[in-house]
Amino acid sequence: MSGLENIIAKINSTNENECGSVVAVAEKKAAAIIKEAENEAERSFSEVIENAEKDAALILQLANSTAEKTASQIILDKKVSLIYGALKKSLEAMESLGDVEYFDIILALAEKNAMSGEGIMKFSACDLSRLPEGFEDTINRFIGECKSVKISDDTAEIKSGFMLIYGDIEINCTFESIFEQKADDFKLLGNKILFES
């Protein structure tokens, strides 16, 4: 081999060594970049999975809460329906009582609702026609001192019970209004139970 060939061989050998070094460094840097990218992808993937699991748990919790509230509302609606049904049957039973029992209830309502002074009591045409003999005197003895009522010959457009009138004040003592009040009380109680739990 001549001197020129030796120089060329040495240059080629040096170039090959340098190229090998450059390639090795590049491969090492590429491996580090790939490793870092894989680590970053793993971290991002873990965060996505963790966030998805948190979102899924929250959605499940909200769904369960909604389902519980819906179930509570359905149960409450059923209970209210049963109570209304029972109240309606009670109302019908009270309206169909015999005269003695019916007017005993009227006496109790009059005692509870009578005010001081003289009031006017109005009945339905049906009830006015079946009043017991001397019922006005019985009521006035029953309701207490400083209170009195006069049974009006004018009738009220009601089905059962009576209207008690003191000047501009009208007290609705119909059985229907009493049962509506009780139904409203049960509805308020039901709402309180539903929305406080």
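Predicted model: local features only at pLDDT ≥ 70, side-chain atom pairs only at ≥ 80, totals over all residues.
View 1. Residues are numbered from 1 along each chain as its sequence is written, and side-chain values use heavy atoms, without hydrogens and water. S160 sits in the loop between β2 (147-151) and β3 (162-166) (strands are DSSP runs of E, at least two residues, and helices of H or I, at least four, numbered from the N terminus). Leaving out residues up to four places away in sequence, S160 touches E95, Y102, D127, T174, F175 and E176 (heavy atoms within 4.5 Å).

**View 2. The ring pair Y102 and F103.** The ring centres are 5.1 Å apart and the planes of Y102 and F103 stand at 80°, so the pair is edge-to-face (rings of Phe, Tyr and Trp, the last by its six-membered ring, pair with centres within 6.5 Å; planes under 30 degrees apart are stacked, over 60 edge-to-face, the rest tilted). Y102 is buried at 1% relative accessibility, and F103 is buried at 2%.

**View 3. The ring pair F103 and F135.** F103 also pairs edge-to-face with F135, at 5.1 Å between centres and 70° between planes. F103 belongs to helix α2 (residues 99-113) and F135 to helix α4 (residues 135-143), so the pair ties together parts 32 residues apart in sequence.

Methods
Buried < 20%, exposed > 50% of the residue type's maximum accessible area, 1.4 Å probe, protein only.
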